[in-house]
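User: Could you take a close look at one part of this model for me? I'd like to know how that part sits among its neighbours.

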There are 2 protein chains.
Amino acid sequence: MEIVFIGSGSLATHLALALKEKGVTVKQVFSRTKSNAAKLAEKLDCSYTTDLSEIYDKADIYFYALKDSAFHKTLKSFDLPDAIHVHTGGSIPMSEFDGIARKYGVFYPLQTFSKEKEVDFSQIPICIEAVDSETQRILFDLANLLNSKTFLISSEQRKKLHLAAVFACNFSNYMYDISSLILEDIGVGFEILHPLILETALKVQSVTPFKAQTGPAVRFDDKIIKNHLNMLKNRRDLKKIYKLISKDIHKRHKKI
Amino acid sequence: MEIVFIGSGSLATHLALALKEKGVTVKQVFSRTKSNAAKLAEKLDCSYTTDLSEIYDKADIYFYALKDSAFHKTLKSFDLPDAIHVHTGGSIPMSEFDGIARKYGVFYPLQTFSKEKEVDFSQIPICIEAVDSETQRILFDLANLLNSKTFLISSEQRKKLHLAAVFACNFSNYMYDISSLILEDIGVGFEILHPLILETALKVQSVTPFKAQTGPAVRFDDKIIKNHLNMLKNRRDLKKIYKLISKDIHKRHKKI
């Protein structure tokens with residue numbers, strides 16, 4: 001099985017390296033950014049190109065790991081209808097491949113990747129969708145090769161899953177960021193919050209976030225909430241966020 | 001050294017047990033709720049009372065682990081001016097002890113506690129404040145006995161630290177909760193997000209949340225944001241939260 005990677009970002013890097021380690025042949029890397037393409041190709045011990053017309057045309061699978069906007073541009077100038085085409089994005093419907101190829105699917109690892117940090121694919125859920133059962137089987141085989149947990153997720157489900165991931169990852173990270181801003185004000189290093197942040201994330205591995213919810217907003221402790229809003233009086237944006245989330249937490253917990 | 005615990009909630013339970021394990025004598029537990037008091041006293045192999053007038057009056061330290069409102073009520077009907085009085089709350093200033101005792105302080109473990117889950121105090125930062133250096137030394141000694149990391153934090157700093165903790169813990173947990181609501185809609189179990197949530201929390205143990213920030217809001221990917229808002233059109237509250245946080249993330253990352 002020969003694979004070409006379209007893209008050389010964090011996801012492409014980790015996924016390509018993990019597949020290669022399991023014996024899959026990564027034949028070539030394509031990226032518009034030469035330095036990134038070269039770097040990943042070196043790690044994979046394969047060739048690379050920055051020119052779409054030079055893409056190796058005999059691969060079995062073309063893996064797209066690109067930003068959404070780049071994905072559309074690349075796809076249009078690509079003409080290999082006999083191979084399997086697979087994208088890795090949370091918010092791109094599988095139907096984007098309609099008319100481009102006969103065999104296609106989605107292989108979406110639900111995780112946040114950084115280039116520097118090692119990745120253990122056995123801990124990552126892979127969301128799979130495919131146009132036919134043979135392609136589906138191939139994608140499941142690849143995920144199983146990585147010892148990943150696999151989920152059959154439709155395009156319709158995947159776009160909501162991606163929305164859920166924005167809350168669970170991007171927005172929770174922004175809550176950490178706000179807390180780091182508040183700590184700057186009092187000259188205390190962010191590391192004082194490390195254990196609390198980790199424990200908050202560990203808790204919901206075994207109980208629901210609804211059950212894990214604590215804090216002044218659940219019981220709508222008026223006095224503490226007022227004090228907190230008062231401390232945020234010079235930070236209008238943060239005050240708005242504090243108010244809105246507190247109100248919402250309270251509403252959710254009063255309801256039941 | 002003899003200690004009395006005022007309160008029998010999660011924090012009181014874990015802290016009292018951890019201290020006992022290190023050889024400290026917990027003499028008595030006071031709680032308004034008889035069943036809780038009895039349960040904790042049994043674990044500690046000590047006596048308990050639900051009557052303030054029956055509190056053991058020869059202890060060296062009285063540890064208050066109560067909700068803020070209960071703290072004030074209890075404090076007023078308490079007359080042991082010669083012992084050390086210590087509260088464990090994030091948002092109560094130390095000065096609340098003024099006129100109640102001569103020796104007092106704060107011992108605030110910055111962590112979220114659940115009764116069922118074991119606690120490793122060596123991983124918990126303890127924020128200490130004391131009215132004099134001798135009391136401060138005693139509180140540092142207790143924290144060191146637990147192998148905790150210690151921080152000298154003033155009441156002024158502590159109230160902002162508590163605010164930061166609300167964002168880092170309570171509000172990030174609410175982001176998880178929202179994501180669980182979205183998953184319910186598509187019939188996918190919350191465990192699909194476990195690895196993502198854990199990795200998001202692990203990331204900020206080594207890089208700042210500012211550097212770790214990813215997602216459509218950072219680059220203000222209009223198309224994805226519009227799609228997400230559209231999916232939330234029947235959930236006005238969530239839509240408001242999504243919009244406000246996305247706008248704020250974008251502003252923060254554009255600035256620099």
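Analyst: Happy to! This is a predicted model, and confidence is a handy way to pick a part: among the elements of chain A, strand 7 (residues 125-130) has the highest mean pLDDT, 98, while helix 3 (residues 68-76) has the lowest, 81. For chain A overall, the mean pLDDT is 94, with 99% of its residues at 70 or more.

How enclosed is strand 7 of chain A? Six of its six residues are buried, so the rest of the structure largely encloses this strand. A residue is called buried here if 20 or more other C-beta atoms lie within 10 Å of its own. In a regular strand, side chains alternate between the two faces of the sheet. For strand 7 of chain A, both faces are covered: A:P125, A:C127 and A:E129 are buried on one side, and A:I126, A:I128 and A:A130 on the other. For context, buried residues make up 48% of the 256 residues in chain A.

Now to its partners. Strand 6 (residues 103-109) of chain A pairs with strand 7 of chain A in the antiparallel sense, over five bridges; here A:A130 has A:G105 opposite. Strand 8 (residues 149-152) of chain A pairs with strand 7 of chain A in the parallel sense, over four bridges, and A:T150 is the bridge partner of A:I126.

Definitions and conventions:
Residues are numbered from 1 along each chain as its sequence is written. Chains are lettered from A and ligands numbered from 1 in the order in which they are written. This is a predicted model: local features need pLDDT of at least 70, side-chain atom pairs count only at pLDDT 80 or more; totals for chains, interfaces and linings use all residues. pLDDT is the predictor's confidence in each residue, from 0 to 100. Helices (H or I, at least four residues) and strands (E, at least two) are DSSP runs, numbered from the N terminus. A residue is buried if 20 or more other C-beta atoms lie within 10 Å of its own, exposed if 12 or fewer, and partly exposed in between; C-beta atoms are placed from the backbone. Two strands pair if DSSP finds at least two bridges between them.
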